[in-house]
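Hi,

Here's the structure I said I'd pass on.

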Amino acid sequence: MNAKPALSAAPPAVPDHLARVFAQYPLPLVSAEGVWLNTRDGRRVLDLYGGHAVAALGYGHPGWTRALAEQARSCQFQSNAVPMDVRLRAAERLVRFAGLGLDTVFFINSGAEANENALKMAFRMTGRSQVVALEQGFHGRTAAAGAITWGAAKSWYGFPRAPFDVKFTSRTDIAAIAAAITDATAAVVVEPVQGVGGAFDLGAPFLQALRARCDATGAALIFDEVQCGVGRTGQPFAANLYGVTPDMITTAKALGNGFPCAALMMSDQVAAAVKLDALGTTFGAGPLACAAIEAVIEAIESENLLERVRRVSAYVRETCIVGPVIGHQGAGHLTGLRTSRPAKDIQRELLARNILTGTSADPNILRLLSAFILEEQHVDLLRDALLSLPK
């Protein structure tokens, strides 16, 4: 989930039978290439939001496109009841890319589903029924993932009750950690860099304190890296960036570059609790999804995109604190630009200048979730547009 755009949709080209649950930008998309979106009315729009952090390789990446086409010709689907080498290769590539010792992978379909299965494993391991999550965190819209999402119960949760006890704690107060996490805690779930919460970087000291407290109480530490993982911080995962290894990582979004897929990565201790038929999925680990995962990691590594993310995101922070932007937060290409006036107004003004950005739950954070192929020349376009806006 991401903050709703404060923009009305353009009239559809065909009759619209879709459920009216999404606010839409006036951006009638017909095609895309690289970091550019092409609209039905002839506009060329610089995409700095990547479909909610999904289009990590941009649009039309040749290696990713080729991998999907070749796998589709070979075999587009078989269930997990049938062994396929493409699954083994995708899991091996992901484990090696992460380099964290989380050596067992369960592939599923979405970030919310990854979080649901991570929680299930934590309950199974500990025999406890309480989960600790952070204020401003977002973890998905399903029953368990929504229950640990800040503010969901008051707005969109929709279920009559949460399936377990949830305790929310501060995202800034390290001293509050000891009281929040106890011997009754099954799992602690955190986004190391919060996405919807405003590209908010928890930082190494906070994450280290969580790790130490989970070790002391026997709680499982789960990093929700659905948005900040798979290279977005300039490292394979935020866990690498901060030097803190959780018991489980959940990830999705950039993992497939637009093909729906997700992964739950587990430590050996967690994997030992996995029993036959304990977890299940129909479409998870489908051969097309696994081919997409292989292609994404191949591109990140062979094109040195982690270094580019670090370089170009630093350039954003160096050059774009101009006009109505007064500061920044986040990590890598999960950037929050702090604004002097409502970010939704600046977002609208930038879109009028053919630059697409995002907002967040923080009304003064303009959120950038750019493709890893972004270059300095694209950042210059954002800087110049910001300079043209009133402060």
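S10 is mostly covered, with five of its five residues buried. Bear in mind as you read that this is a predicted model. Ala220, Ile222 and Asp224 point one way from S10, while Leu221 and Phe223 point the other way.

On one strand partner, S10 (residues 220-224) runs parallel to S11 (residues 248-251), and three bridges join them. Within that pairing, Asp224 has Thr250 of S11 as its bridge partner, and Phe223 stands opposite Ile249. S10 also pairs with S7, again in the parallel sense, over four bridges. There, Val190 is the residue opposite Phe223.

**The whole sheet**

Zooming out, these strands belong to an open sheet of seven, in the order S4-S12-S11-S10-S7-S5-S6, and the pairing is mixed. S4 (104-108) and S6 (165-169) are the edge strands; each has a single partner, so one side of each has no neighbour in the sheet. On average, neighbouring strands here are turned by 20° against each other, ignoring direction.

Thr169 is in S6. Is Thr169 buried or exposed? It counts as buried, because its relative accessible area is 7% and the cut-off for buried is under 20%. Leaving out neighbours within four places in sequence, Thr169 is in contact with Val132, Ala133, Leu134, Glu135, Ala176 and Ala180.

**Helices on the sheet**

H4 (residues 111-126) lies across S4, S5 (130-134), S7 (185-190), S10, S11 and S12 (262-266), and runs at about 25° to S12. H8 (residues 204-217) packs on the sheet too, touching S5, S7 and S10, and its direction makes about 150° with that of S10.

- H8 has 14 residues and reaches 20 Å from first C-alpha to last, close to the 20 Å expected at 1.5 Å a residue.
- Its buried residues are Phe206, Leu207, Ala209, Leu210, Arg211, Cys214 and Thr217.
- What covers those buried residues includes S5, H7 (177-180), S7, S10 and H9 (238-242).
- Gly218 follows H8 and has a positive phi, near 85°.

**Nonpolar cores**

The largest nonpolar core has 96 residues, and those with the most contacts inside it are Leu210, Phe237, Ile300, Leu350, Leu382 and Leu386. Which helix gives this core its largest share? That's H11 (residues 287-302), with eleven residues. As for Leu382, it touches Leu48, Cys320, Leu337, Leu350, Ile355 and Leu368, not counting residues up to four places away in sequence. Apart from this core lies another, of 28 residues, with Ala118, Met121, Ile148 and Met248 among them.

**Cysteines**

How many disulfides are there? The count comes to zero. For Cys75, the nearest cysteine sulfur is that of Cys290, 11 Å away. For Cys261, the nearest is also that of Cys290, at 8.1 Å.

Cheers

Note on methods: Residues are numbered from 1 along each chain as its sequence is written. This is a predicted model: local features need pLDDT of at least 70, side-chain atom pairs count only at pLDDT 80 or more; totals for chains, interfaces and linings use all residues. Side-chain values use heavy atoms; hydrogens and water are left out. Two strands pair if DSSP finds at least two bridges between them. Helices (H or I, at least four residues) and strands (E, at least two) are DSSP runs, numbered from the N terminus. Axes are lines fitted to C-alpha atoms, for helices over the stretch in contact, and angles run from 0 to 180 degrees between N-to-C directions. Contact means heavy atoms within 4.5 Å. The expected span of a helix is 1.5 Å times one less than its number of residues. Buried means under 20% relative accessible area, exposed over 50%, partly exposed in between (1.4 Å probe, protein chains only). A disulfide is a pair of cysteine sulfur atoms within 2.5 Å. A nonpolar core is a set of buried Ala, Val, Leu, Ile, Met, Phe, Trp, Tyr and Cys residues joined through side-chain atoms within 4.5 Å.
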